[in-house]
Amino acid sequence: METPTQTAEHIESMTEFLVSHYSDQLRDIALSSDPKLHYPLFLEFAELVDDNPHLARLVYSSPEQYLRLFDDSALLAHKIALEHMKKFESKTGIEKRFIHVRVNTSGSPLERSSDTFPSIGRVRVKHRGILLMLKGTVIRSGAVKMYEGERMFRCRKCKHMFPLFPELESINSIVKPPFCPSQRSKSCEGTNFDPVDDTVTRHDYQEIKIQENTQVLGVGVIPRSILVVLKDDLVDNVKAGADDVVVSGILTSKWSHDLKDVRCDLEPMVIANHVRRTNELKSEIDISDELIEKFKNFWSHFKDTPLKGRNAILRGICPQVVGLFTVKLAVALTLIGGVQHVDASGTKVRGESHLLLIGDPGTGKSQFLKFAAKLSNRAVITTGLGSTSAGLTVTAVKDGGEWMLEAGALVLADGGLCCIDEFDSMREHDRATIHEAMEQQSISVAKAGLVTTLSTKTIVFGATNPKGQYDPDQSLSVNTALSGPLLSRFDIVLVLLDTKNPEWDKVVSSHILAEVQIEEGRYVDDLTMIWPLPMLQRYHRCVHNSYKLFSSEMTYAFDHDRYRYIQFVKGNFRPVLSKEAEEIISSYYRLQRRSSTHNAARTTVRMLESLIRLAQAHARLMFRNEVTRLDAITAILCIESSMTISAIVDSMGNALHSNFSEEPDQEYGKQETLILEKLRGYDIY
């Protein structure tokens, strides 16, 4: 145990470090108006390691003691900042009572060690008592409660006053010491203590549960979860199902709830010191300025033949499946997506596209689902037979007498991709639950007295088999047994029919027998050939968050109400439709509404929105900030592939047999001429 002199020296070192490195944050805290709030002071652990390695080692090995000392040091540094402002800036700040140092371990040595940054499933007793990092998805979020953080007690014998803190292991109860803790030359040995009036400090308290990311787990591994306790300024900052987080904190445990005929165990629990959301900051996918410049050079190389460059990217999608150009284009446009916008009435129109593959067995539907999940930075894969309405949306669970909502597949895939294989195996009432999630991008819940709305801003990628033998003369609803309202929510519906085609069979058999394997990293330097998966992931991340391509200007503003920095992005990339593209899309939509009789489920106003989204996605794929005639025609060709009955282009053929053209720009010219002639022939364009 440290002596009072050593403790004072450490507090002095901590105070000097905070004043010298974080004067701006101390100044913002001093200027905040509410003295009763709990304010965070964000500290970079990497800076502490460089400035004072010994102190950093103490914080890592004994965080419970030294993080508390850091909070005391923050109050001293705050007072120094107040005096400096009054003396040199002629400004008067407000003294605060509660400041908590939040240690951000990003970029520090702790992040590179498996001992300090294990997966949730590998947390063991050896990690107890050190500064630990855990990464996972928030799957459950409890109510914000209040608990007694500390209370001063006075010894009846020597009148010594000392603080006592609650023990989370014993359900936040305060345990009195066996004798007086005063460190005088002559021991007091008093055993009776009285609470001191008006010395209770109360804190906000919330329990969340985080779960391992299923994408990084092997087959057959059950994702593990762990309880995380948030206090004060950390509460109510993350949402269940919507947020991926990295938590820095202290591993401890608590007794499980006392239930009849159930063994009482110690459950692992992390007391969070810092919570970092990683929804928009995927550290495993690094995008450097050099890489962005490489993408720009790639498109400069294909300036005269842009579709040839686009096809070089598409060939890297699911390379083990030969051909299927139409499907690969649809997958790329679906994953990139369009732009969400809000109309004059405040109604949001989604920017995410949905894709449904209908095909005979052995046509590669599941392969595309799995590859799309690898491309997306957040993905959930499930099957129709193993999915219920509660598993897809949310489940109400009871924990310790309190009802809470636990996120399902669509909520966990918020901001990413939800792949549902064997879509036809889902029960009808289970399929109906995803209607709201697909169009309104939210789920309204009323379970166990909990009434709320959860965000499901996700892409739905489904695969299904036709009902019996596919009949080209019947509508999609008849062939798939899927309802019209559900089919209308899919932007692209591709039908893959395994028809007899000797030439195609020869191509496929040659590809399989040759056992073509694209070696990882083989064509990283030569992107004109075929793109490997890591490069596709980086490109998808670039065009999906495309402000990095067209504007790197960012500003940070300080929110004094909730005390945190907010990042604003200037010039966010939103492809704008040109006048010509608008006329082409509008003309095609009116033609389909006029001529379609058997495909009413596909030719609703949602088709017009789908055309706009697909055209925007193609512009982003082509690295452009404007939707041109090329993008509008490509979007129409994708929709035409979905129209098995009412297609205006008779030469589209079976999507399963669509192959990459040697001269795609010339081929596109023919298709463009054909579509424009059709539109003019009906006196629409």
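The largest nonpolar core has 76 residues, and those with the most contacts inside it are V331, F368, F461, Y539 and L611; a nonpolar core is here a set of buried Ala, Val, Leu, Ile, Met, Phe, Trp, Tyr and Cys residues joined through side-chain atoms within 4.5 Å. Helix α8 gives the most to this core, with nine residues. This is a predicted model, in which local features need pLDDT of at least 70 and side-chain atom pairs count only at pLDDT 80 or more, while totals for chains, interfaces and linings use all residues. Residues are numbered from 1 along each chain as its sequence is written, and side-chain values use heavy atoms, with hydrogens and water left out.

**Overall make-up**

- The protein holds 22 helices and 25 strands, where helices (H or I, at least four residues) and strands (E, at least two) are DSSP runs numbered from the N terminus.
- Of the 685 residues of the protein, 50% count as buried; buried means under 20% relative accessible area, exposed over 50%, and partly exposed in between, with a 1.4 Å probe and protein chains only.
- Among contacts with a separation of 6 or more, 71% are accounted for by residues 24 or more positions apart, contact meaning heavy atoms within 4.5 Å.

- Helix α8 covers residues 325-336, and its twelve residues reach 17 Å from the first C-alpha to the last, close to the 16 Å expected at 1.5 Å a residue; the expected span is 1.5 Å times one less than the number of residues.
- Twelve of the twelve residues of α8 are buried, including F325, K328, V331 and T334.
- After α8 comes G337, whose phi is positive, near 75 degrees.
- Y539, one of the core residues with the most contacts, touches F295, W299, I313, W531, R620, L621 and F623 when neighbours within four places in sequence are left aside.

**The five-stranded parallel sheet**

- Five strands form an open sheet in the order β14-β17-β20-β13-β21, with parallel pairing; two strands pair if DSSP finds at least two bridges between them.
- The edges of this sheet are β14 (379-383) and β21 (492-496), each of which pairs on one side only.
- Neighbouring strands of the sheet are turned by 15 degrees against each other on average, direction ignored; axes are lines fitted to C-alpha atoms, for helices over the stretch in contact, and angles run from 0 to 180 degrees between N-to-C directions.
- Strand β13 (residues 355-359) pairs with β21 in the parallel sense over five bridges, and L357 stands opposite L494 in β21.
- Helix α8 packs on this sheet, where it touches β13, β17 (417-421), β20 (459-464) and β21, and its direction makes about 155 degrees with that of β21.

**Other strand pairings**

- Strand β10 (residues 266-277) is joined to β8 (residues 225-231) by three bridges in a parallel arrangement, with V228 opposite V270 in β10.
- Strand β9 (residues 244-255) is joined to β10 by eleven bridges and runs antiparallel to β10, and the bridge partner of V245 in β10 is R277.
- Strands β4 (residues 145-155) and β5 run antiparallel and are joined by four bridges, with M152 standing opposite P163 in β5.
- Strand β5 (residues 161-164) has a covered face made of F162 and L164 and an uncovered face made of M161 and P163.
- The hairpin of β4 and β5 has five residues between the strands, and K159 in this hairpin takes a positive phi near 65 degrees.

**Helices α2 and α5**

- Helix α2 (residues 23-31) packs against helix α5 (residues 63-89) at an angle of about 80 degrees, with their axes 9 Å apart.
- That angle makes α2 roughly perpendicular to α5, a term for angles of 65 to 115 degrees, whereas angles under 35 degrees count as roughly parallel, over 145 as roughly antiparallel and the rest as oblique.
- The contact is made by L26, R27, I29, A30 and L31 of α2 together with A74, A77, H78, A81, L82, M85 and E89 of α5.

**Positive phi in loops**

- D232 is not a glycine, yet has a positive phi of about 55 degrees; D232 is found in the loop between β8 and β9 and is buried, with a relative accessible area of 7%.
- F623, likewise a residue other than glycine, has a positive phi near 70 degrees; F623 lies in the loop between α20 (605-621) and β25 (626-627) and counts as buried at 13% relative accessibility.
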